[in-house]
Every structure is written in structure tokens, then in C-alpha cells.
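Hi,

Here is the structure I promised to pass on to you. Have a look at it first, and then read on for what turned up when I went through it.

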Amino acid sequence: MTDNLTPDQNSAILDRMLLIRRFEEMLIDLAGDHNFGHYHLYIGEEATGATVVESLTETDLLLTTWRNHGHLLARGGDPGRMVAEILGRVDGYNKGRGGTLHLTVRDVGFLSTSGLVGGAVGLAAGAGFALKQAGEDNICVVFFGDGAMEEGVVFEAMNLASLWSLPVLFVCENNNSGAISAQEGGFPSSEIAASRISDIPKSLNIKSELVDGADVVAVHAVIAEAVGGMRKGSGPAFIETYTERWPGSRPLWPTQATGVTQLAAAWDPSLITGVYADWIDEYDPLLRFIRNQLDTGLLSQDKLLERDAQICSQITKARAFGEASALPCPESALDGVFAA
Amino acid sequence: MPPDSQQTDRNLTLKDAVLEAMFEEMESDQNVILIGEDVGTAGGVFKQTKGLFKTFGADRVIDTPISESAIFGLAVGAAMAGSRPIIEVMFGDFLTLVMDQLVNQAAKVHYMSAGGFNVPLVLRTGIGVGGNLGPQHSQSLHGWLAHIPGLKVVMPSSASDAKGLFKAAVRDNNPVIFMEDRMTYNLKEQVPEDEHVIPLGSAEVKREGADVSIYAVTRSVHTALAAAEHLQVKNVSAEVVDLRTLAPLDVETIVASVQKTGRALVLDGGYQSFGITSEIAATIGELAFDYLDAPVMRLAAPDVPVPFSPALETMTVPNAEQVVAKVTEMYGGLG
């Protein structure tokens, strides 16, 4: 299966995963210094976002939900401007009007980040509709969580996409809390009567797959196949990516539950400690992909650590850029309600 | 071809005037599409989209499932990606099903993205009491929509205005809600051909008067005009101001009228409580208090659901007699 990804692709995916991980870890620290409201981290789900974008072209469109940082970074959003937006600063992508919940980056084809559960899924059907009308082979990807499957508009949008054969890739990132977090009083997410989420789109004749969302190779295989078919006009596809929720996302507010990631844990099990050692050892998608890459000989420990140092430096600069950016002029709050 | 292009007198119903506007805008801009329940092959449940499917085909006149929320969401997403959709919501009451996509998404896209994206679409819907359709098919919820920053709200009273305002709505780069009272669908008048575009945000004085200003939209404009005739008999000269759009609101024309007359009555088919009559009355109070010879009065629908029975239904629509009575009250009685 690794044959499907070229060395360059593997390297690009790993870079994206590292960038996302280090960005999100930085945000936890940033939240200690600044009050930027409630936020959500993508740690534990990097393999999905970092891999999905590998199958996309520059002219494809994307929409996402509030757990969006990973998607935007994977697609090429500038981390500095993202930090600025998260802090409500003037250099933010949305000039501070959106914050973490509504970060959008037009430059990389991101139409919207919805703060409403399932809120972007209807829009995604529309973006797919416009792309189909334009007659090119572009597609629209919409990321949403398992909880969105409880919203009526998602069912309606899937029905429209199927009826009209719209090029919409529904990526349901199921980070449903497992038994561990339930024992700890963690928040459950999806409460669906269907045995499997991916059964629901199947009933609407949408091609649907369930995949381990922490496995880069497996994610790429299903996404590449689905996207390839969609570009040929096969209509929508639904991919449920299952991940074991990162312990830091189990409480209402993110916590640094597993510490700053030590990449050497991929080859040195003695570094895996603490109450969440099981998650780190078994479920951390970043360590899993590093092990995969080391095993294939495509990556060396030194090269990995060198790359990580470069990315950490990039994140430090991004944070500094965001923190140095000015707050917007208060009066600008009154501008731009309507388009010219 | 537009259904009435053969006619030489250009005397069109409001419904056909809007249809003609749709024909023209769809002809001149390939990105304009029409989406809704039964708008295609059936030509609309009120025949308000008759002929469009035949002319523009299934790619641009699109029949949908009964999924108001996702259909509207689809229109928003399509608009963000380059289309200019006209979406029909069969009854204004069904706006309740569209509210998340309308209020949380469409209205906020431009602002939230700091101008990164626009939502150029028109949501067209029929509102109002009449035809004994009962509590879930008779509501006038325009006040809700005009309350939301980011939405434009258009409410024509006549065929000519409807055409000109509709064309402006289609060309606008924002979400525009175009609400017609179903009781105005068959009102006829001369309608100009082709380039007849009325800018959104311009009220019009439909009848000049000297003694009292009556403000209204859509069907209520006709109620006001009828009342003005009755008042004339009592030697009261009423001016009737058709607001035409609630958002943007033409405050200048509103204020100029009452500065002239000194008295103001705001009339509406929507509910009085927290409705548009309150908003306009307050605006007049703030900006023209020194010109007022009497308190600003309101006349709007009573705060009850719209009942089915013909005997009951009429109680929920303000009528000309009530307008006359209100104005009379403002004069402390008119022997």
C-alpha cells in the first residue's frame, strides 16, 4: 500500500503533520498568555487532514468545522496569520472577525469554517454544485465531526449531493470518545442510532468507507480512490475516519494531557510514560507515521529531528508574528457588513 | 420568451413582472440560476416561474426535494463559489426551516471573512394572510429578517416596483430577501421594459399629502391608499410612503415626509410587538420629534397566530377602516 505514496508525498505529509502538531502544542501555551476564548485542537487527527489534501488540486474547494487549524495548515494556510486571527489581530486572515472558530483562507480555497455543528455541510453541497456547473473536474471537500451526523441539514445535503451527483467529498472525522474518556467523565460526541455512521450515507447510495483516521497509508488509499472517481463524475463520496480521541481533547477545554510530543518516542519506548501512555503508544498518528517512515527507510532519525527543529522554529516565528500584530481599530467593527 | 412580451400595453401583474425580471436577468447573466420546490417543470405552485424551465433548462432551473435548509445552504455555497442563485421558499413560514443557514451562515459570510467571500443570492418568498391557509402558511416574518445585519429585505407593493427591485436584488452582491404578499400577485399596472432597475434602499411617496404620513410596505400600501381616499372625504390629506425595502431603510424619505405633514402612522401586516412599525415609529421619534403634532401611531397585525376560518382570518389583517380610525384618533376625533 505504501507504493501509492511517493517519497515526496510521504515527506510532505510528514511535514504537515509535524507543523500541525507543533502549532497546536504552541496554542495551548499561547492560551496561557492570552485569552482568546474557547478553542479546539486537531492533535490526534493529523493523519487525516495532512493526507486528504494530498489528493487535491489548487482549484478544489474546502469547508470545515471548528476543529479547523489542522485543515488550514495542511492546505497551506500561513501559521503566522492564523495565530494573528486566533488572537483577534489585524493581520489575521479575517482581520480578527472570525477567530479560531471561523478562520477562513480564501487564498487556499477554504470557503468557510462553521461554528454551527454541520453548518458548513449544506454550503459544501452548494460549492460542489457550482463546481459541477462550471464543468471542470474540481471537487469540494467538507470536514465535519461525528456529532454533525445528528443534524438534519447534513442528511438533507447528502441527499441533494447524491440525487444530483455533486462532486462533494464528505469527510466525517469521528473522534468519538472511547471507553477511557467515558470513565473519566469526558464529553461524549456522537449519539447515533445507526450501528455505523458510514451506514447512513450508504442508505442514500453514496459510496462510503470507514478507515482508521490515524493511518496515513490507509487514509490516502481511500481518499485517492474516492477523489479519482469523483473527478470522473461518479458523484459524492463519504469517508468516515475513525480516531481515538486525544486525551487533551476529552475535557471541555484543551489540556496538554500528553506533554510536548517527543518524536524520539517513536523508537525509544522508554520515553512513553504517564497516564496516557497507551494513547501515545498505540494511537498517536504522528508517531505511527514516523515509525512507518523509519521502517521503510525513507526517513532517518536525524533527518526527522532536523526537520522538526525547522518546523518548531517556524512556529516560534508564527507565534511572534501573531503576538506582534496590532489589535484592529475598534471602529472597524462597524465596517463590511455588506459587500459593495 | 417572457410570457407577456407579446402584449403591447405592458399591463402586467406583479407576479408576471417578477417573472419577466427573472427572464431578463437569467438571459443576461449565465450565472443566475433558479432553485426551489416545484419551480421547474411545474412552473411554480402559483405559476410564478412559468416558462423558465422550458427556456433555460434543467441546469439552470432546478427542482429540489423538500429540504429547505440544505437547499438554501446549497444556494449560499454556490453563491460563494461563483453562482448567483435565486432560491424560492414556497411560503414565508418556511423561513423558519432556513434560519441557521440564513442567519448564521449567509448573513455573516462577508463580514466574518473580512470581505473574502460574498453571497450574491436572492431568496424569494410569498407571505401574508389570505386564502384561508391557516396559521402555518400565512405569516409575515419580515421583521425577523430586517433585524439581522447582513441581510437586505425587499417588499414591493406594485408590479412595476417589483420588476425594478427584483432586478436590483439579482445584481446585488449580498443575500437579498424578496418578499411578496401573495395578495399582491395579481395586481396589474404598466411595467417598463428591460432596463428598469430600482436601487435597493429607496422609498417612494405613492400619494402626496399634507396632513398625515402613512408608512407601509407591500399589500399594506394599498390599504393605506384606500384609507387615504376615505380620509380625503374628511378633508384630511394623507401622504402614503411605500418603504419598498426595509434593509436598507430609506430614513431620509421617511423623515422628509413627516417633516412636511407633522403626523405619522406606521402600518404593517406583520406583528406589532417588536415589529417594523415600532422601529419606524422610533426612528421618526428620534429624528423628527420637533415636527410632530401628535404621537406617532402604529397599526399592525394583532399578536395572534393567523386562524383558518374566513370569519376569523380577517381580524388579523389591518384594514382601511382601522387606518381611518387611527388617523381620526390622532386628530382627537374628526366630526
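In chain B of this predicted model, the centres of domain 1 and domain 2, taken over C-alpha atoms, are separated by 26 Å. Domain 1 of chain B covers 11-190, and domain 2 of chain B covers 204-330. Where they touch, domain 1 of chain B contributes 24 residues and domain 2 of chain B contributes 24 residues. On the domain 1 side of that contact, at least two residues each come from helix 6 (142-146), strand 6 (152-154), helix 7 (159-171) and strand 7 (175-181) of chain B. By class, the residues on this side of domain 1 of chain B are 10 nonpolar, 10 polar and 4 charged.

Next, the contact between the two chains. Chain A puts 36 residues into it and chain B puts in 33. On the chain A side, two or more residues are given by each of strand 2 (110-113), helix 5 (119-134) and helix 6 (152-163) of chain A. Which element has the largest share of that side? Helix 5 of chain A does, with 12 residues. Sorted by class, the side of chain A that touches chain B holds 19 nonpolar, 13 polar and 4 charged residues.

The crossing of helix 5 of chain A with helix 3 of chain B is right-handed.

- From helix 5 of chain A: A:G122, A:L123, A:A124, A:A125, A:G126, A:A127, A:F129 and A:A130.
- From helix 3 of chain B: B:S69, B:A70, B:G73, B:L74, B:A75, B:V76, B:G77, B:A78 and B:M80.

This helix-to-helix contact has 12 nonpolar and 5 polar residues, and no charged ones.

Finally, chain A as a whole. Chain A has 12 helices and 6 strands. Its radius of gyration is 19 Å, close to the 20 Å from the globule rule for 340 residues, so chain A is as compact as a globular protein of that length. The C-alpha trace of chain A spans about 55 × 55 × 40 Å along its principal axes.

Terms used. Residues numbered from 1 in each chain as written. Chains lettered and ligands numbered in written order. Predicted model: local features only at pLDDT ≥ 70, side-chain atom pairs only at ≥ 80, totals over all residues. Domains from an automatic or database assignment. Contact = placed C-beta atoms within 7 Å. Helix = DSSP H or I, 4+ residues; strand = E, 2+ residues; numbered from the N terminus. Nonpolar A, V, L, I, M, F, W, Y, C, P; charged D, E, K, R; others polar. Left-handed = near helix turned anticlockwise from the far one by under 90°. Rg over C-alpha atoms; globule rule 2.2 N^0.38 Å.
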